[in-house]
Amino acid sequence: MGKQVLLADDDQLLASLINFRLKKGGYEVHHSVNGKEVKEYLQHHKPDIIVSDIMMPYFSGIELIDFVRNELNLTTPIIIISSAGNEQNVLSAFELGANDFITKPVSPTELLVRVARELNK
Amino acid sequence: MIREFLFYEDSNNKEEKKNYLDLKIQIRELIKDSFDRKILTEILLDLRKDLSGQSQEVLLKLYVDLGLHHDAYDKLTSLRWPTISKGILELTAMNVSESYGMILKLINHRNGTIRKQAELAIVNLKEEGISFFLDNTKYKISEWQQLKLLDVLRHKENFTPPQFSLWLTSNNTHVVLFSLRLIKYYKQSDAIKSIVTLLKHKNNSIKMEAIDCTKEFYVFEGLATLKLIYWKSNMGVKIAILDAIGEIGSNDDLEFLKIAAQKEKIHNIKSKVLGTINKIEPEHYVPTKNIQDLSYYSKDSESATEEELQNQACLLEEHVNTEPVVRLQNEAEAEFVGQEIEDKIGEIDISNSDEHPLEVSEKEEASVLTIQQLEEITLEHDQRLIENPFVEEKSLEQLSFDFLPVIVENDIQVIQEEMMEECSDFNIGFSLDEDFHQETGDSSIENIEQVDLEDIEAIDWNILFNSGTLEEKIAPFFEKDEIANEKVSEFPENHNLSISPIFLDDADLETMVLLEDIDDLGDERELALLHQLLKEESSPIIVDRVNELIEKFSQKYSDDILTEEKPFERHDKSVFEALFELSDRETRIVLLNEMAASGGAKEISLVKRVLNEKDQELKKLAQIALEKISERKSSGAQQEFDQQLSHLLRIDFELTLESGAETPQTNRPSGGTLFDHLCSFPNNFYNSKNG
């Protein structure tokens with residue numbers, strides 16, 4: 001059984017591509033379209049890695065990091081997908097405990113490499 | 001389906017390859033339908049923004065492989081400019097380099113949007129696009145467009161910029177300006193001669209850009225040209241020039257800058273000049289005002305001699321008193337102020353007057369005048385005026401300026417003489433009109449009685465405080481005749497002048513307040529109430545006040561005093577009257593029509609008054625109204641109407657709760673109002689209609 005990846009992104013098209021790429025790379029991917037679903041999923045599951053967009057409905061990526069680190073007290077690696085020029089959000093994400101970030105436009109291959117690197121640490 | 005295409009790898013197994021081929025066939029079948037083709041194009045365009053790297057390249061290749069770019073080519077030939085624009089955008093986004101030739105033709109399109117899209121497209125698609133664009137564009141390149149083109153060039157991978165100095169000779173000034181900016185951005189410093197020449201360009205934007213380039217590339221050869229063009233440039237260009245000189249200038253340019261500092265009057269430029277000077281030679285300007293000489297600090301203060309100390313003390317003490325202080329003293333004799341000050345002015349050395357110019361010396365004593373001397377002066381003046389009431393013209397030489405203190409460094413007398421010479425042409429040329437005296441008759445001046453000052457002094461002012469009648473007290477101050485003629489009004493002995501406050505009780509106070517309100521807001525309709533109050537009230541103050549109000553309202557409407565028995569009957573006056581008086585002509589026409597339609601006996605007097613007016617139209621309408629009112633009156637319909645109206649207005653019943661009266665039916669065939677209809681709808685029907 002492959003490692004579990006929680007993919008949180010409201011862009012269905014991009015998320016399906018990333019999902020496909022990660023699955024092809026041997027990971028089990030669960031896709032959530034908004035922060036609410038992410039929260040509910042995390043109450044009952046513990047993924048090996050979280051890949052999240054910063055801008056999401058209900059619950060942003062920053063809040064997700066805070067939730068995972070402070071409320072759930074998990075050390076799960078978190079990779080943030082941010083838009084180019086969103087430096088402030090990236091800095092906040094790192095301060096709260098994100099492990100890595102990747103800017104849009106996303107190269108799914110590059111993302112795969114980063115996921116593998118975080119999981120191998 | 002798309003992701004299979006995007007992430008297909010040659011190293012996949014056979015099954016995956018077969019799957020891939022099947023998908024290819026499937027997709028080609030799909031794109032035969034134009035709608036599906038559109039959807040696919042939109043998806044690919046959307047993904048293009050989100051993907052980068054290898055995935056993006058595969059995506060772009062897929063777009064071309066599937067032939068979706070042909071749809072974009074068709075759009076380029078459309079007659080509608082939004083379609084053309086969309087086509088250009090699609091081809092640019094999907095990086096279809098084949099479309100370069102087709103888009104080239106559109107860079108001089110008459111439509112601005114297409115033109116701008118085409119410019120961005122050719123710069124994006126091929127490296128030589130920027131050269132073609134700069135060569136062939138005939139239109140102006142806006143600032144925004146320049147920024148966008150620069151942004152495209154900046155993000156172009158492996159882009160080798162051409163020598164933009166080639167376009168500095170272009171006929172299109174916007175191309176020249178854009179080229180300068182590109183030269184500056186790409187740091188192409190090989191076009192120095194052209195840049196220096198462009199410093200003299202007529203266009204200020206190009207000039208400023210050339211100045212920027214001069215500064216950026218340290219073109220020292222341009223300094224002479226900068227100084228040359230400085231004087232005829234506007235403020236912005238001047239500041240740019242000064243900035244450049246500050247950057248690349250040297251001490252040789254200080255002379256020029258000093259001249260500029262002297263000549264410039266605008267503060268911004270002047271301060272920039274000074275800043276530039278300080279930039280070239282730091283601390284060139286140091287504070288100089290109110291700075292002590294070195295000699296001041298050269299001698300030690302402890303070793304100063306007594307003489308020097310005294311001199312310093314004298315310098316502090318000797319000052320000029322600008323205003324003579326006149327204090328009246330009854331007994332002491334003093335010198336005349338003006339002469340004394342003049343003498344003092346001559347004595348004082350005011351070379352150090354800037355130290356403490358306003359302090360008064362303790363040595364100088366203010367001069368005083370006695371009352372006697374003042375009185376003499378006044379008398380002399382009065383006598384002169386009486387003898388000769390007209391002001392004589394005096395030449396400046398006759399006027400003495402001795403009273404004016406003059407603070408100068410040199411001898412005062414010399415200065416005064418100089419002033420006199422300078423002002424010799426100045427004549428105070430005014431005088432009273434010769435006829436003035438004749439017009440006004442004997443001037444009051446002539447009638448002034450000469451009061452003997454000795455008499456005034458002889459008056460014993462203590463008399464006023466002695467006992468006695470008023471006449472006895474004031475007798476010494478007036479002649480007997482005056483006293484005899486004056487009648488001193490005596491106060492009547494019986495007059496009851498009480499000055500104690502009047503306190504009303506609460507009820508009376510409320511009544512007084514009510515009366516004040518009636519005075520402010522009431523009219524003749526309050527007369528009945530006032531009469532009633534007159535009967536009931538006993539307080540004289542209230543009675544007086546009520547009487548006043550009755551008189552006031554009665555005067556206004558003297559023929560309409562209401563009796564006590566019918567307090568609520570209205571005065572027989574038309575309601576139109578007040579409106580008619582305040583209205584303009586158009587409104588009066590409307591009122592007359594209304595009177596004709598519904599007027600009664602009360603309107604007759606008003607209508608008759610209108611008949612006497614000059615306006616023919618109003619007269620005509622008044623005549624018609626009068627006829628109609630008369631008809632109604634004679635028929636008795638008006639009387640019935642009035643009776644009905646008075647009956648309606650009589651409130652002699654009590655309201656009681658009864659069952660609801662039937663509401664009158666409207667003209668609607670279904671009966672009832674719209675609101676009733678809506679209320680009668682069942683809820684289910686309403687919900688079903690509105691989802």
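Q: How do you know which residues and atoms the values rest on?
A: This is a predicted model, so local features need pLDDT of at least 70 and side-chain atom pairs count only at pLDDT 80 or more, while totals for chains, interfaces and linings use all residues. Residues are numbered from 1 along each chain as its sequence is written, chains are lettered from A and ligands numbered from 1 in the order in which they are written, and side-chain values use heavy atoms, leaving out hydrogens and water.

Q: What makes up the fold of chain A, in helices and strands?
A: Chain A has five helices and five strands; helices are DSSP runs of H or I with at least four residues, strands are runs of E with at least two, and both are numbered from the N terminus. Along the sequence they follow the pattern β-α-β-α-β-α-β-α-β-α. Chain B, for its part, has 36 helices and two strands.

Q: Why is B:Gln56 called buried?
A: Its relative accessibility is 18%, and buried means under 20% relative accessible area, exposed over 50% and partly exposed in between, with a 1.4 Å probe and protein chains only. At 18%, B:Gln56 therefore counts as buried.

Q: What is B:Gln56 in contact with, leaving aside its neighbours within four places in sequence?
A: B:Gln56 sits in helix α4 of chain B and is in contact with B:Arg48 and B:Leu51, where contact means heavy atoms within 4.5 Å. From C-alpha to C-alpha, B:Gln56 and B:Leu44 are 9.8 Å apart in space, and they are 12 residues apart in sequence.

Q: Why is B:Asn95 called partly exposed?
A: B:Asn95 has 41% relative accessibility, so it counts as partly exposed. B:Asn95 lies in the loop between α6 and α7 (100-104) of chain B, and has a positive phi of about 55 degrees although it is not a glycine.

Q: And what makes B:Tyr218 buried or exposed, or something in between?
A: The relative accessible area of B:Tyr218 is 41%, so this residue is partly exposed. B:Tyr218 is in the loop between α13 (204-216) and α14 (222-230) of chain B, with a positive phi near 55 degrees in a residue other than glycine.

Q: What makes the peptide bond from A:Lys104 to A:Pro105 cis?
A: Omega of this bond is near 0 degrees. A:Pro105 is found in the loop between β5 (100-103) and α5 (108-120) of chain A.

Q: Why is α15(B) called roughly parallel to α17(B)?
A: The axes of α15 (residues 235-248) and α17 (residues 267-280) of chain B cross at roughly 5 degrees and come within 9 Å. Axes are lines fitted to C-alpha atoms, for helices over the stretch in contact, and angles run from 0 to 180 degrees between N-to-C directions. Angles under 35 degrees count as roughly parallel, over 145 as roughly antiparallel, 65 to 115 as roughly perpendicular and the rest as oblique. That makes α15(B) roughly parallel to α17(B).

Q: Why is α1(A) called roughly perpendicular to α3(B)?
A: Helix α1 (residues 12-24) of chain A and α3(B) pack at an angle of about 70 degrees, with their axes 10 Å apart. That makes α1(A) roughly perpendicular to α3(B). The contact is made by A:Leu13, A:Leu14 and A:Leu17 of α1(A) with B:Ile43, B:Asp46, B:Leu47 and B:Asp50 of α3(B).

Q: How do you know the class of the residues in the contact of α1(A) with α3(B)?
A: Ala, Val, Leu, Ile, Met, Phe, Trp, Tyr, Cys and Pro count as nonpolar, Asp, Glu, Lys and Arg as charged, and the others, Gly among them, as polar. By class, this contact has five nonpolar, no polar and two charged residues.
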